[in-house]
Amino acid sequence: MATTQNNSDAALIVRNLSVFFGNRAAVKDVSLDVTARAVTAIIGPSGCGKSTFLRALNRMHELNPEARMEGEIKLFGDDIYSRNVEPVVVRRRIGMVFQKSNPFPTMSITENVTVGLRLNGVRERKLLAERTEQSLRMSALWDEVKDRLHAPAISLSGGQQQRLCIARALAVQPEVLLMDEPASALDPLATSKIEELILQLKKDYTIVIVTHNMQQAARVSDFTAFFYIGELVEFDATAKIFTSPSKKQTEDYVTGRFG
Amino acid sequence: MDNHFEAGLDTLKQKLLTMASHAETAVNQAVQALVQRDSALALRVKEDDNVIDQFEVEIDELAIQLLTKAPLATNLRLVTVAMKISQDLERIGDEASKIAKRARDLSLEPPVKINLDLPRIAGLALDMLKAALDAFVNRDSAAARAVIPRDKEVDALNKQIHAALVQHMVENPATIGRCLHWIVAAKSIERIADHATNVAEDVVYLCEAQDIRHTGVKSQAVSP
Amino acid sequence: MTAENHNWRNFKNAFMQTLTFACAILVIMPLLLVFYHLIKEGFSSINLAFFTQLPKPVGEVGGGMGNAIAGTFILLAQAAVIGVPVGVLGGVFLSEYGGTKLNWWIRFAADILNGVPSITWGIVVYALMVVPMHGFSALAGGVVLGMMMIPLVMRTTEEVLQLVPGGYREAAFALGISKWKTIVQIVVRTALKGIVTGVLLALARVAGETAPLLFTALGNRFWAHSLTEPIAAMPLQIFAYAISPYDDWHRQAWAGALVLLLLVLAINVGVRFLTRDRFQHKV
């Protein structure tokens with residue numbers, strides 16, 4: 001079931017996406033539009049394919065040699081799976097933040113932030129310094145680290161490390177930011193900082209967030225997609241999904257009757 | 001999966017229905033006291049209003065507690081609707097008290113020689129309330145929608161009673177005081193019907209997630 | 001839970017504790033014995049001349065093992081040039097590329113090679129290099145030591161790379177960094193200390209190999225002037241002196257053995273030092 005909002009607002013248009021691992025279909029024939037500069041949440045019980053779906057959006061599933069996809073995904077009109085497109089380029093336009101924060105341990109804070117730029121050939125110091133400050137400000141970390149930019153990245157707390165990873169992802173100036181349960185390893189205070197950050201970021205970025213926490217989806221997202229065993233069951237405005245979902249399966253999941 | 005939560009919702013529903021039956025009884029007794037000039041009954045109605053008020057407090061408390069568990073979808077609508085219905089029921093109780101007060105005042109004076117059919121208008125209002133509450137229990141959206149246009153009939157009847165009383169007052173100035181009591185009592189019944197309509201609209205929201213309040217086709221705004 | 005059982009259990013505990021302690025001491029004993037003997041017999045022969053001079057002819061006192069010490073370092077340098085790139089890159093392949101079936105076979109082969117007796121390596125390189133070249137050479141010695149290093153370095157490199165959490169690779173890919181850059185700048189860089197450790201330990205291991213050198217480097221009484229000449233090496237020299245009938249040479253053999261042991265010890269201590277605060281960051 002696809003809810004297609006006004007197409008001109010769509011950052012990502014997904015049509016008939018299926019992802020297979022060997023013979024098993026983890027994602028089955030999913031179509032939806034991700035609205036630009038809005039937060040779209042993906043919810044569903046464990047194993048329902050939401051992380052697999054997210055990874056297909058920036059071709060990360062290709063890291064698994066057994067993974068195979070069918071269907072079409074367009075990023076602002078560009079087919080990201082077309083033969084002329086390198087996966088590396090796609091991932092610079094669509095960034096990702098993971099559940100467990102993973103700042104590179106051999107690098108300092110500022111080296112981490114700029115690693116995406118430096119390893120893609122950017123050398124100009126002034127640009128790197130500007131981008132560092134910009135990204136750290138955007139991820140609400142600047143004030144906390146501005147005096148120790150050269151400290152090892154792993155000297156930060158868990159919540160700070162996750163914000164550093166967000167800054168690192170933002171530094172390459174992606175158009176879309178994918179987040180795979182970004183706050184699930186954090187304490188409530190750190191979690192609420194990340195959520196606040198997401199609400200700030202959506203002014204400039206399109207965000208897709210996978211979460212197993214429905215309250216979190218209700219708090220931060222504008223649209224919510226409910227997945228169940230690889231299929232998209234319902235996709236609508238968040239307020240609608242959580243106050244009066246159309247499908248009984250969604251209602252049952254959201255009111256806690258299963259999953 | 002959350003049995004404690006489901007149990008909490010059931011308790012909420014039960015309390016609401018119990019409160020409703022108290023309110024219905026209050027209205028019935030108030031009208032009876034009025035028609036039969038029973039001062040003692042009128043007094044009882046006024047005292048029992050405390051019970052109804054207490055129910056509103058309890059229901060609101062329970063609802064807030066349930067809200068901290070962050071219910072969603074139907075559960076969320078149920079809790080918020082329960083709070084609204086309890087408020088309407090409390091107002092119905094207040095209107096019953098007002099009728100009882102007028103009943104007591106009228107019983108202290110000689111009766112007015114006019115044929116008013118207050119039991120009929122009261123019956124209509126109470127039927128509306130019962131139908132709305134049944135729709136709540138049965139989650140019957142269509143039945144709830146059917147209650148709403150019936151408010152027009154009550155309004156029309158109230159107008160009739162009002163006109164008859166005005167005419168009587170013009171012709172028999174000595175009865176003005178007593179007629180005014182009757183006018184107020186009839187007005188209270190008309191308000192009870194309005195509250196029953198509100199309950200019906202809340203039930204529609206619960207079932208359909210559609211808010212049909214203030215969407216035209218209601219009875220006239222304010223009766224004089 | 002009678003008192004008798006209690007006593008029997010106590011006795012058993014104490015007995016086992018003593019037994020295992022004794023075995024542990026037994027393990028260290030050889031090392032202590034070796035050190036003791038080497039120092040006792042060889043320390044007196046260690047002087048500057050030992051490190052810088054050539055062996056004197058039979059009968060003359062003095063001289064040293066300068067050529068053997070230099071030879072060992074030259075052989076190790078060659079071994080490193082061969083063993084390190086091939087071993088590390090092979091380890092990178094096993095860890096980061098390759099299909100599971102192919103990798104299984106490669107690992108299997110590497111493990112077998114690690115168990116091959118060193119003399120066999122010597123014979124193989126003899127046939128491959130010494131015969132066609134019509135002579136023993138330092139080059140052949142370097143090659144055989146290098147080839148022995150390869151499977152060792154490859155396996156340790158692979159293991160260390162596998163210890164790098166997958167999350168770092170994922171994060172790098174998600175930033176649009178290409179696979180090769182990810183491997184070099186992120187994965188290898190993170191595992192660098194471990195890789196260096198593996199290389200150093202492999203060097204320490206081949207530094208003391210004697211048998212393969214018998215068939216390749218052969219040994220030399222003098223300084224070697226090119227890599228195509230036979231070259232002296234410490235294990236070879238120690239062997240030659242030890243089986244000779246001359247006391248002076250025996251003393252020098254002890255000294256050589258001591259120096260060799262100190263070399264291996266230095267490498268191991270160096271490794272410990274390098275890895276001292278690895279991965280002590282907050283998790």
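In what order do the 4 strands of the open sheet in chain A lie, and is their pairing parallel or antiparallel?

Reply: The order is 2-1-4-5, and the pairing is antiparallel. Bear in mind that this is a predicted model, where local features need pLDDT of at least 70, side-chain atom pairs count only at pLDDT 80 or more, and totals for chains, interfaces and linings use all residues. Residues are numbered from 1 along each chain as its sequence is written, while chains are lettered from A and ligands numbered from 1 in the order in which they are written.

Two terms come first. Strands (E, at least two residues) and helices (H or I, at least four) are DSSP runs, numbered from the N terminus. Two strands pair if DSSP finds at least two bridges between them.

Strand 2 (24–35) and strand 5 (78–79) of chain A are its edge strands, and each pairs on one side only.

Now walk across. Strand 2 of chain A pairs with strand 1 of chain A over 8 bridges, in the antiparallel sense.

Next comes strand 4 of chain A. Its pairing with strand 1 of chain A is also antiparallel and also runs over 8 bridges. Here A:Leu12 stands opposite A:Leu75 in strand 4 of chain A.

Strand 4 (residues 67–75) and strand 5 of chain A are joined by 2 bridges and run antiparallel. A:Leu75 turns up again here, with A:Asp78 in strand 5 of chain A as its bridge partner.

Helix 1 (residues 50–57) of chain A lies across strand 1 (10–21), strand 2 and strand 4 of chain A. Helix 1 of chain A runs at about 60 degrees to strand 2 of chain A. (Axes are lines fitted to C-alpha atoms, for helices over the stretch in contact; angles run from 0 to 180 degrees between N-to-C directions.) Contact means that the C-beta atoms of two residues, placed from the backbone, lie within 7 Å.

Within it, strand 3 (residues 39–43) and strand 8 (residues 206–210) of chain A run parallel, joined by 4 bridges. A:Ile42 has A:Val210 in strand 8 of chain A as its bridge partner.

Helix 6 (residues 158–171) of chain A has a helix partner: helix 4 (residues 125–138) of chain A packs with it at about 130 degrees, with the axes 8 Å apart. A:Arg131, A:Ser135, A:Leu136 and A:Met138 in helix 4 of chain A meet A:Ala167, A:Leu170 and A:Ala171 in helix 6 of chain A. This contact has 5 nonpolar, 1 polar and 1 charged residue. (Ala, Val, Leu, Ile, Met, Phe, Trp, Tyr, Cys and Pro count as nonpolar, Asp, Glu, Lys and Arg as charged, and the others, Gly among them, as polar.)

Of the 2 pairs of chains that touch, chains A and C have the most contacts. There, 17 residues of chain C are in contact with 23 residues of chain A. Helix 7 (166–174) and helix 8 (179–207) of chain C each supply at least two residues of the chain C side. The largest share, 6 residues, comes from helix 7 of chain C. That side divides into 7 nonpolar, 6 polar and 4 charged residues. Chains B and C share no contact, and their closest C-alpha atoms lie 33 Å apart.

Finally, confidence. The predictor gives the complex an ipTM of 0.90 and a pTM of 0.81.
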